[in-house]
Amino acid sequence: MNRSAHEAAKLISKALVSASNRSIPTRSWSPSLEQTLHQLGCRNSLNPLLVARVIDPFLLDHHSLALGFFNWASQQPGFSHTSVSYQSLLKSLSVSRQFNSVEKILKQMKTQRIILDSSIYRLVITSLIIGKKTQNAFFVLSEVNDWTNEIGPELCNSLLAALSSDAHVELAQKLFDKMCVRGVHVNNIGFGVFIGKSCRTSELSMTLDLLDKVKSSGSVINGSVIALLVVNGLCGASRLSDALLVLDGLRGRDCKPDFMAYWILAEAFRVAGKLSETEAVLKKKRKLGVAPRANDYREFLFGLISERRIQESKEIGEVIIGGNFPIEDDVLNALIGSVSATYPDSAVLFCKSLINKGSFPALLTLTNLSRSLCKHDKIGEMVQIFEMLSSKDYFTDLESFNVMLSFLCKAGRVKEAYSVLQDMKRTGFYPDVSSYNSLMEACCREDLLRPAKRLWDEMFRNGCGGNLKTYNTLIQKCSESGEAEEAFRLFHHMIEKNVSPNATTYISLINGLCREQNIDNAYEVFDKSITQDIMLAQAVLTTVISSLCSEGNFPAASKLIRCLPPKPENSNSHVLLLLCLADAGEVGIAIDHILWVGHSSNSTTQAVINELLASLSSSLKPEPIKQMLCAMQQKELISNSINLEDFCNRSFIIS
C-alpha cells in the first residue's frame, strides 16, 4: 500500500465502514472485517500513527470498529501500540460513552506505563462525569500529576460538584483536600454543591472549617450563595436548630445570609409547626438579612444547568418561586427545559410561574416540556398549561398550534387534537404537513384507519402534499391491517410525487405483501430498492428475511434474496436465511438455496460456508447448524476432510 498516511487511513476506514454495513448488526466488528483488511494489504505499512489516523477522525463515531481495528492491529506480527494509537482509541470510546472499554484500556496503558496527553485525560474525565461514572473520573484524575496546568481548575470543580451531587461525599472531601494542597482554586459551582451536600452529615465546626480553608486559599466565592446552600442542606437534613446556629458563623466569614436563606429556614420551621422559631428567624431576617442579588443567582443557576447539576438547580429554583423572589424569564425557561425530563412536577411549577407573571415560555421550551410530560404520563398537567396559554392568546401562529396538536396526538387525545385542527382553521391558519402527520399518526396508533385516510384526502384537497413521514405512516398501517394492495398503491403514488422511499417504507410494504402472499408485487418493490440504492436494498433484505423466517415463510425469503446479485459482499443475507432454516429444521430448502448460490457464484458460496463454519463456535445452539453442514458435506459442498466437531470449539477460515 504505497499511499500517504492520510490517504491510507481514509481508504482503510472507508473499507471498514462499508464492509460493516453488510454485517449483522451493522457497524459492528466481525471476523469478515479482518478479511477486508487482509485484502487491502495494509499489514506491511501498519504503524501506531496509521492506526491513530484511521480511528481519529474517521472512526470516532464507530466505537466498535475503532476497538476492533485497534485489537486487530495489536495481533499483527511485530506491532505494538504507542500513546498516539491509545489516545485515538480512548477518544472514540469516550465520545461514545463506552466506559467499561475505557477502563480496560486505561488499565492496559498503566501496565505498559504509557503516558497520555493531558487533552485525552480531560476528555476521558469529562465523559465519565457526563456518564455519571464520577468515581472512575476521580481515579483517572488521581493518575495526573499537574492538575493546575494539565487538567485545569474548571474540570476539577466540575468533578467536585459531580461527586457531591452523586452522593460520593467522601471522595469529594478527598478531592477538595487535594485541590487545597495543590493550590487549585475552587469556584461557586464546585465548592457550593460540595458544601451543600457535605454539611448535611458533618458537624457544624467541620462545615465552617471548610469555609476557612477556602478563604485562606485565596479562592473567590459568592458568600451569600454559599450561605444559602449551607442553610438549604441543613434544612434538607432536618437539622433546623443547626441551621439557625450556623447563621452567625456564616456571617462572621463574609458569607452573609440573604432573604432567601432566611426564607428557607423560616419555611422549614413553619412546616414543622414551630411557629415561635419561625417568628424568630423572620425577625433576624428583617434585622440582619440582605436582599438577594438576582444576577448572582442567575449566573449560579446557569452554571449549575451547564454542569448538569439538575437537582441543585431545581432546589434553588423552587426556593426562588416559593419565596416569590425575582427571577428573569430566560432563567425560568432554562430551568423548565433542564428539569422537565427528571422532575416534571417542578417544570410545571416553573412554567405556571412564568405564565402567571405575564410571560410566555419559549416555543422550544414548551415543546420539550410537552414531550417530557407526555413521557411521564402527566397529560392533565400539560393540558392545563395549554389552557392557561390559550386564555392569554399565546397561540397566534401555525408553529405554536402544532406544538399543542403534536402533544395531544402523542398523548392519544385524538378528539381534542381534531378540535385544535378546527381551531387552527377558524383562526385563519391552514394546517401544514406536520399538522396532518401528527393527527394521521395518532389515528393509526388508535386503529382509526378510515379517519386517517380521510385526513389524507383532505390534505391533497387543500393543496398540502405529503412527505416521507405521511406515506410511511399510511403504508405501514395499511400493510399491518391486511390492506397491502392499498399500501402498494400509495407506494406508486409517492414515486409519482418524487418522494423517495426509505428502509421503513420498503420493509413494512414488502412484509405486508408477503404476508398476503402477493409475492410478485413484493419482488417489484424490492427491485425498486435495488435500483434506488444497493446498500439500502441490503439493509432492507436483512430485516425482511428475519421477518419472513419468523413467520415460517421460508420459500418467499429464499426467492426474495435471489433478486440481489450473488456477490461475496452480499453473503450475510444468505447466511441469515440459512441459519434460520437450520433452526427450523428446513435442511432441504437450505440445500436447494446453497446449490442456487453455487450455480451463480463459487466465491459467494465459499464466503457463506466460511461464515457458517465460524458461527459454530459462537452459536448458543450449534447442533442444528452442524446438521445442516453435514448435509452440505454429503452433497460435496464442503470438503469431507473438514471435521465439523473442531468448529464447535474454534473459529476457522478456509482459504
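Contact here means heavy atoms within 4.5 Å. The tour concerns a predicted model, in which local features need pLDDT of at least 70, side-chain atom pairs count only at pLDDT 80 or more, and totals for chains, interfaces and linings use all residues. Residues are numbered from 1 along each chain as its sequence is written, and side-chain values use heavy atoms, with hydrogens and water left out.

Select Phe-69 to begin. Apart from neighbours within four places in sequence, Phe-69 is in contact with Ile-12, Leu-16, Trp-29, Leu-37, Leu-46, Val-51, Val-54 and Ile-55. Buried denotes under 20% relative accessible area, exposed over 50%, and partly exposed the range in between (1.4 Å probe, protein chains only). Helices are DSSP runs of H or I with at least four residues, numbered from the N terminus.

**The largest cavity**

A cavity is a set of points, on a 1 Å grid over the protein atoms alone, where a 1.4 Å probe fits but cannot get out; lining residues have an atom within 4 Å of a point. About 90 Å³ of space lies in this cavity, the volume being the space filled by probe spheres set on the points, with grid points joined across faces, edges and corners. Helix H12 (188-198), H14 and H19 each supply at least two lining residues, and H12 has the largest share, four.

**The second largest cavity**

Next, select Met-260, Pro-292, Arg-293, Ala-294, Tyr-297, Ile-320, Phe-325 and Pro-326, the lining of the second largest cavity. Its volume is about 50 Å³. The whole structure holds three cavities of 30 Å³ or more.

**Backbone exceptions**

Most residues other than glycine have a negative phi, and most peptide bonds are trans. Move to Asn-324, in the loop between helix H19 (310-322) and helix H20 (329-339). Asn-324 has a positive phi of about 55° although it is not a glycine, and its relative accessibility of 69% makes it exposed. Then select Ala-167, in the loop between helix H10 (153-165) and helix H11 (169-182). Ala-167, also not a glycine, has a positive phi of about 70°; at 63% relative accessibility, Ala-167 is exposed. Finally, centre on Pro-57 in helix H3 (residues 48-58), where the peptide bond from Asp-56 to Pro-57 is cis, with omega near 25°.

**Helix H32**

End at helix H32 (residues 534-550), whose 17 residues should span 24 Å at 1.5 Å a residue; its end C-alpha atoms are 24 Å apart, in agreement. The expected span is 1.5 Å times one less than the number of residues. Buried residues of H32 include Leu-536, Val-540, Leu-541, Val-544, Ile-545 and Leu-548. The buried residues of H32 pack against helix H30 (503-515), helix H31 (519-532), helix H33 (554-561) and helix H34 (571-584). After H32 comes Gly-552, with a positive phi near 80°.

Key
1 Å grid on protein atoms, 1.4 Å probe; cavity = no way out; pocket = protein on both sides within 12 Å on 5 of 7 lines; lining within 4 Å.
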